[in-house]
Amino acid sequence: SLCQHYSHVLVVLNVGGVIDTTFLRNQHGIDAILLMGQAGSSGGDALADVLSGKISPCGHLTTTWAEQYEDYPSADTFGYINGNRDDEYYKEGIYVGYRWFETFYPENVLYPFGFGLSYTDFEMNCVSKHGTENGFEFEVSVQNTGSQHSGKEVVQIYLEKPCAKLGNPSRILAGFAKTALLAPGETQTVSVFVPMERLSSYDDSGKTGFKSAYIIESGEYGFYIGSDVRDAKAVYTYKQAETVVFEQLSETAAPKNSFDVFAAAEQNGNKIIVKQPVNTATTRLKDIILTNLPKSVDYSGDRGYKLSDVKSGKVSMKNFVAQLDLDELEAITRGGYIMGHPLGAAGNAGIYGGVLPSLREKGIPAVTTTDGPSGIRLQSSCSLIPIGTLLACTYDEGLVEALYEKVGEEMKDRGSDVL
């Protein structure tokens with residue numbers, strides 16, 4: 001009904017995650033959809049700046065928005081939908097989000113991973129690319145080709161691994177960089193480094209001959225650059241001559257029960273979905289823990305050592321810990337039991353460390369924890385910052401780091417030690 005009375009209608013989505021937008025697309029007359037997310041206490045001001053044109057939006061999606069909810073591989077089994085409230089089987093395996101859609105169902109995508117619009121346009125060109133001992137260096141020039149608005153753009157690098165024995169997805173995000181604010185006609189060259197680690201895939205079953213290891217399989221690895229996963233164009237190919245172990249690990253927490261997971265296989269040059277049984281546990285976590293326990297330390301009684309003596313180098317941590325009796329050792333591992341603990345700032349999520357007077361006498365402080373996820377939560381007033389999923393959409397590591405430095409300052413001021 002709104003669309004019948006207004007010549008221009010814009011829908012603002014003040015949501016924390018992906019929603020089914022079928023109802024919006026069935027409504028004629030909507031000019032634009034803006035994903036605001038849950039942007040914190042200054043979200044309204046930021047929204048007004050974007051809608052008024054004072055600033056140009058520059059966020060990019062960190063999720064894939066499909067045509068409809070049923071297009072997601074877990075749609076019929078997630079949570080209580082299949083009637084099973086006790087067990088959750090992650091049958092997608094590694095094929096979560098864009099890895100699923102770009103590999104098997106690209107036609108079901110409404111807004112692809114990495115997608116984002118601006119009030120201006122950009123042109124992106126890879127001006128330099130080469131391999132190094134530890135990875136790959138890319139130099140990408142970005143020009144604001146618009147004539148009216150300044151803006152920022154995100155350079156995204158995607159990697160296509162060979163399907164090979166492990167069945168790799170068609171694309172994975174390998175690296176990214178955010179430009180500065182570019183005026184119309186202005187150009188900036190950004191550098192993106194893709195570490196060799198990105199080429200590796202985890203083999204939990206031993207298909208490659210190397211169980212519980214990150215493997216770089218032989219074959220061609222293609223690099224693509226663009227402003228989202230669908231827009232990215234091929235710029236570089238690396239050929240791996242033979243399969244090698246990048247990092248050898250060990251099995252620790254494999255599933256106990258067998259169930260099928262999705263995987264990819266090549267058929268006539270195309271990737272198809274196959275099901276394969278998940279690799280089940282051959283070890284017990286309890287045995288691993290008991291085998292790797294540190295050597296016990298004989299109780300020495302209180303020698304007068306303080307935790308500050310360990311920091312200054314006067315005594316070793318081993319000799320300091322030897323002073324702790326069984327009650328103190330138990331207390332230091334379990335915390336203060338309750339939220340709103342009197343030893344912490346009002347409204348805390350709990351404390352740990354110096355929960356006993358004897359521990360505090362040894363210089364072990366009561367460490368105060370506070371809940372998030374949008375800054376610290378205490379009875380005293382605190383800043384409400386954007387949620388993590390929205391911050392991720394900035395693709396701006398420097399901005400996020402600067403924001404959390406401010407959160408850290410506020411934590412110190414309000415008496416919070418751990419967020």
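**Aromatic pairs**

Analyst: By the rule used here, there are 19 aromatic pairs. Rings of Phe, Tyr and Trp (its six-membered ring) pair if their centres lie within 6.5 Å; planes under 30 degrees apart are stacked, over 60 edge-to-face, and the rest tilted. The model is predicted, so local features need pLDDT of at least 70 and side-chain atom pairs 80 or more, while totals for chains, interfaces and linings use all residues. Residues are numbered from 1 along each chain as its sequence is written, and side-chain values use heavy atoms, without hydrogens and water.

User: What kind of aromatic pair do Phe113 and Tyr158 form?

Analyst: Phe113 and Tyr158 are edge-to-face, 6.5 Å centre to centre with 85 degrees between the planes. Both Phe113 and Tyr158 are buried (under 20% relative accessible area; exposed is over 50%, partly exposed in between; 1.4 Å probe, protein chains only).

User: Which residues do ring pairs link into a cluster?

Analyst: The cluster holds Phe136, Phe138, Tyr221, Phe223, Tyr236 and Tyr238.

User: Where does the charged end of Arg171 sit?

Analyst: A charge sits over a ring if NZ of Lys or CZ of Arg is within 6 Å of the ring centre and within 35 degrees of the ring normal. The charged end of Arg171 sits over the ring of Tyr224, 3.8 Å from its centre.
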